[in-house]
Amino acid sequence: RNRLSLKAFFTFALITLATVLVIDIEEEMLSGLRSWWTQQKMETIPTIPRKPNPSVLCFGDSWSYGNYPALVDQIKKNNHAHVKVSYYHRYGETAEHFAQNPNILPDVVTRCDADYILLSLGGNDFKNFYWKKQQVVPPWTAVNFAEEQLRIVLDALYKEHPNVKVITYGYDFMGDMGEYIDYMFKDHDKGPWIRRAYDWVGIPLINYSLSLMGKAYKRLEKHYTSQGLSFTYIPVWGSLQSIEPGINNKWSLWKTSQLDHMHDPLHASEKGYQKLIGHVYDGYFKKEFEIPVLSSTESDASQQQ
């Protein structure tokens, strides 16, 4: 039985590695296209006249805790003192919770008078499928559930606030859990094998699974922009894998994030958030906050033309 179990495990591992390797090669080939696509999208974001004192709401889960101070710091660095930032976030928050209480986000936007929402939501819905609900499902099933819940949340938001602009970068890759695994299985005779399984199979599988969230945000962007609503997904996948500044378009399924970019395996560090939000700010917010404010006379003249 042990031989059969080992044979089944290694067969599964080889098939998984082959699948992930193909995906990794595909991502490498498409990295240049992704970079071009990102740049093109940044250049085509509509530049309508902004309010004199725009307001940004950081909304969502534990990643929003890091987004908020990093965004405030970027605002100071860019001398955008006219921008107000507020927040509403809780550790472990899910899209499912807000879908069941669809009035929460619209009400918060009303109270904050927010023009922009930096959204961080959906990651815990994905995680809970495996950690809390303990369901053995393929990753795309968990991602599709998170996407469905996000649509309910966003539909309720846009119904009350059709002019609000939603921006999300989703999440970046998880940190290295190798030290945690070593500690958990330090007294186990198969500890070294479990660590190897994580390094060879676990890392690429986790990265691939989480990268599917990005595809969900792209679908949401396409869905809402086709209705004339503002939803912008800014891909930052792999940024925390590289020590170089800015986005790393040549991310690898086989690598974890840099240790100094991660607070723990699930959350970025202060340095990590600064890097992620710096990219989001340069790619989106800087352009938005530097749009000239039209006076009422200029606005009337523009409308007459």
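Predicted model: local features only at pLDDT ≥ 70, side-chain atom pairs only at ≥ 80, totals over all residues.

**Stop 1: two packed helices**

Two packed helices are described by the angle between their axes and the distance between the axes. Select helix 2, residues 62–77, together with helix 9, residues 270–289. Their axes come within 9 Å and cross at roughly 60 degrees. Helix 2 is therefore oblique to helix 9. The crossing of helix 2 with helix 9 is right-handed.

Now display the side chains at this contact. From helix 2, select Ser-62, Trp-63, Gly-66, Asn-67, Ala-70, Leu-71, Asp-73, Gln-74, Ile-75 and Lys-77. Colouring the contact of helix 2 with helix 9 by residue type gives nine nonpolar, six polar and two charged residues.

**Stop 2: the nonpolar core**

Which residues have the most contacts inside the largest nonpolar core? They are Leu-57, Leu-71, Ile-117, Leu-154, Val-166 and Phe-285, and the core has 72 residues. Select helix 8, residues 191–225, next: ten residues of this core, its largest share, come from that helix.

Centre the view on Phe-285. Apart from its neighbours within four places in sequence, Phe-285 is in contact with Val-56, Leu-71, Tyr-116, Leu-118, Ile-167 and Val-280.

**Stop 3: Tyr-68**

Return to helix 2 and select Tyr-68, which is found there. Is Tyr-68 buried, partly exposed or exposed? Its relative accessible area is 24%, so Tyr-68 is partly exposed. With neighbours within four places in sequence left aside, the residues in contact with Tyr-68 are Cys-58, Val-85, Ser-86, Tyr-87 and His-89.

Tyr-68 and Tyr-273 are 205 residues apart along the chain, and their C-alpha atoms are separated by 9.3 Å.

**Stop 4**

Most residues other than glycine have a negative phi.

Begin with Asn-79, in the loop between helix 2 and strand 2 (84–89). Asn-79 is not a glycine, although its phi is positive, at about 55 degrees. With a relative accessible area of 65%, Asn-79 is exposed.

Finish with Asp-113, in the loop between helix 4 (104–112) and strand 3 (116–120). Asp-113 is not a glycine either, and its phi is positive, at about 55 degrees. Its relative accessibility is 49%, so Asp-113 counts as partly exposed.

Methods. Residues numbered from 1 in each chain as written. Heavy atoms only, no water. Axes fitted to C-alpha atoms, helices over the stretch in contact; angles between N-to-C directions. Helix = DSSP H or I, 4+ residues; strand = E, 2+ residues; numbered from the N terminus. Parallel < 35°, antiparallel > 145°, perpendicular 65-115°, else oblique. Left-handed = near helix turned anticlockwise from the far one by under 90°. Contact = heavy atoms within 4.5 Å. Nonpolar A, V, L, I, M, F, W, Y, C, P; charged D, E, K, R; others polar. Core = buried A, V, L, I, M, F, W, Y, C linked by side-chain atoms within 4.5 Å. Buried < 20%, exposed > 50% of the residue type's maximum accessible area, 1.4 Å probe, protein only.
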